[in-house]
Amino acid sequence: RMGWTPDGGKVVLQIQNRVQTWLDLVYADPQTGALTPVLKETSPSWVNILGEPRWLRDGAFLWLSERTGYKHVYCHEADGRLRHAVTSGDWAVDDIVKLDEDKGSLWFTGTRDGAVDKHAYRIGLDGQGLVHLTKERGTHDIEISPDGSRLVERFSSLTTPPQLRMCSADGEVVKVLQEAKVPAVERWGYQTRELHVVKT
């Protein structure tokens with residue numbers, strides 16, 4: 001994978017071995033090709049490629065890593081030193097949705113409130129003040145308005161066909177904008193389904 005630092009001064013490379021047991025994040029000088037190691041991810045089994053760094057104004061960056069066995073967001077200095085973990089715990093971040101450095105906020109989706117669900121959250125860039133935005137069990141995909149005051153949510157569950165909803169900044173549903181109309185469901189109702197846990 002290749003990208004650039006925000007000032008365009010360095011090429012940012014992700015270099016990985018074929019069996020994916022390590023991944024290096026490296027800066028390259030575009031004039032000379034000289035390489036500067038930034039950080040290294042290792043695993044005895046598998047290292048996923050989880051995306052490009054998300055740059056902050058001071059040169060630091062947010063980085064997705066599975067170094068604890070769960071995918072989380074970390075803040076690293078420009079030289080790769082760990083500043084702090086933004087998220088942590090026995091659950092996984094699915095994806096970063098929005099970064100607002102002015103407000104010091106990060107929106108993301110993850111599995112903190114159910115491994116088979118997908119919920120939306122907001123947290124401070126310092127790792128404090130986690131807010132669970134979506135309350136109902138199911139799958140929530142969100143988009144955030146530019147000022148962070150509203151979110152548009154695509155929601156579905158085992159008992160609810162897909163809906164598109166407008167929500168407040170704290171996840172309260174303001175209005176259902178559109179919902180899937182399934183004639184069979186309207187006529188006979190939704191069949192009851194149960195989730196089961198199988199020990200392995």
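Biologist: Which charged end sits over the ring of Trp22?

Modeller: That of Lys40, 4.3 Å from the ring centre. A charge counts as over a ring if NZ of Lys or CZ of Arg is within 6 Å of the ring centre and within 35 degrees of the ring normal. Before we go on, this is a predicted model: local features need pLDDT of at least 70, side-chain atom pairs count only at pLDDT 80 or more, and totals for chains, interfaces and linings use all residues. Residues are numbered from 1 along each chain as its sequence is written, and side-chain values use heavy atoms, with hydrogens and water left out.

Biologist: And what lies over the face of Tyr74?

Modeller: Arg67, at 4.1 Å from the ring centre.

Biologist: How many aromatic pairs does the structure hold?

Modeller: Five. Rings of Phe, Tyr and Trp (its six-membered ring) pair if their centres lie within 6.5 Å; planes under 30 degrees apart are stacked, over 60 edge-to-face, and the rest tilted. Take Phe61 and Trp63: their ring centres are 6.5 Å apart and their planes stand at 85 degrees, so this pair is edge-to-face.

Biologist: Are those two buried or exposed?

Modeller: Phe61 is buried, at 0% relative accessible area. Trp63 is buried too, at 4%. Buried means under 20% relative accessible area, exposed over 50%, and partly exposed in between (1.4 Å probe, protein chains only).

Biologist: What cluster do ring pairs make with Phe61 and Trp63?

Modeller: They link Trp55, Phe61 and Trp63.

Biologist: How are the rings of Trp91 and Phe108 arranged?

Modeller: Stacked, with 6.0 Å centre to centre and 10 degrees between the planes. Trp91 lies in the loop between β8 (82–85) and β9 (93–100), and Phe108 in strand β10 (residues 105–110), so the pair ties together parts 17 residues apart in sequence. Strands (E, at least two residues) are DSSP runs, numbered from the N terminus. Trp91 is buried at 10% relative accessible area, and Phe108 is buried at 0%.

Biologist: What lines the largest pocket?

Modeller: 15 residues, with Glu41, Val47, Ser65, Glu66 and Arg67 nearest its centre. β4 (35–42) and β6 (61–65) are the elements that give two or more residues. β6 gives the most, with three. By class, the lining has seven nonpolar, five polar and three charged residues. Ala, Val, Leu, Ile, Met, Phe, Trp, Tyr, Cys and Pro count as nonpolar, Asp, Glu, Lys and Arg as charged, and the others, Gly among them, as polar.

Biologist: And how much space is in the second largest pocket?

Modeller: About 150 Å³. Its lining includes Asp117, Arg137 and Leu195.

Biologist: Last topic. How many bridges join β2 to β3?

Modeller: Six, and β2 and strand β3 (residues 22–28) run antiparallel. Strands pair if DSSP finds at least two bridges between them. Val12 stands opposite Tyr27 in β3.

Biologist: Which residue in that turn has a positive phi?

Modeller: Gln20, at about 55 degrees. The hairpin of β2 and β3 has five residues between the strands.

Conventions. Helices (H or I, at least four residues) and strands (E, at least two) are DSSP runs, numbered from the N terminus. On a 1 Å grid over the protein atoms alone, a cavity is a set of points where a 1.4 Å probe fits but cannot get out, and a pocket is an open set with protein on both sides within 12 Å along at least five of seven lines; lining residues have an atom within 4 Å of a point. Grid points are joined across faces, edges and corners, and a volume is the space filled by probe spheres set on the points.
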